[in-house]
Amino acid sequence: MRFLVRTGPALGLIGTLVPIGLALTELAMGNLPSMAGQLVTSFTTAIVGLALGVLSCILSMVKDRWIRRDLMEITYLLEEELLKF
């Protein structure tokens with residue numbers, strides 16, 4: 001989960017920069033329709049990378065909260081059992 005939190009935005013950035021480089025090449029050649037297609041790909045991968053990072057972060061926080069809650073319940077039950085002795 002934490003791997004996705006860290007790599008999602010990084011992959012989105014890579015997916016953004018590569019098509020921008022290709023779009024600049026197309027611009028230099030005067031091929032505007034191809035350049036526009038590369039820019040659409042660039043912005044789409046940026047959005048997907050950021051969305052993946054945000055979604056992974058939210059899921060990671062929920063998982064951590066579940067784990068903390070379980071540990072609190074286990075601690076409470078152990079303390080309750082120790083008080084009986």
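Helix α1 (residues 2-29) and helix α2 (residues 32-84) pack at an angle of about 175°, their axes being 8 Å apart. Because of that angle, α1 runs roughly antiparallel to α2 (a label for angles over 145 degrees). The axes are lines fitted to C-alpha atoms over the stretch in contact, with angles from 0 to 180 degrees between N-to-C directions; helices are DSSP runs of H or I with at least four residues. Sorted by class, the contact of α1 with α2 has 15 nonpolar, 13 polar and three charged residues, where charged covers Asp, Glu, Lys and Arg, nonpolar covers Ala, Val, Leu, Ile, Met, Phe, Trp, Tyr, Cys and Pro, and polar the others, Gly among them.

A word on the model: it is predicted, with local features needing pLDDT of at least 70 and side-chain atom pairs pLDDT 80 or more, while totals for chains, interfaces and linings use all residues. Residues are numbered from 1 along each chain, and side-chain values use heavy atoms, leaving out hydrogens and water.

Now to the charged residues. Searching the whole structure turns up one salt bridge (a side-chain nitrogen of Lys or Arg within 4 Å of a carboxyl oxygen of Asp or Glu). D64 and R2 form a salt bridge through their side chains, at 3.2 Å, N to O. D64 belongs to helix α2 and R2 to helix α1, so the pair ties together parts 62 residues apart in sequence.

| Residue | Relative accessible area |
|---|---|
| D64 | 25% |
| E79 | 47% |

Technical notes. Helices (H or I, at least four residues) and strands (E, at least two) are DSSP runs, numbered from the N terminus. Angles under 35 degrees count as roughly parallel, over 145 as roughly antiparallel, 65 to 115 as roughly perpendicular and the rest as oblique. Buried means under 20% relative accessible area, exposed over 50%, partly exposed in between (1.4 Å probe, protein chains only).
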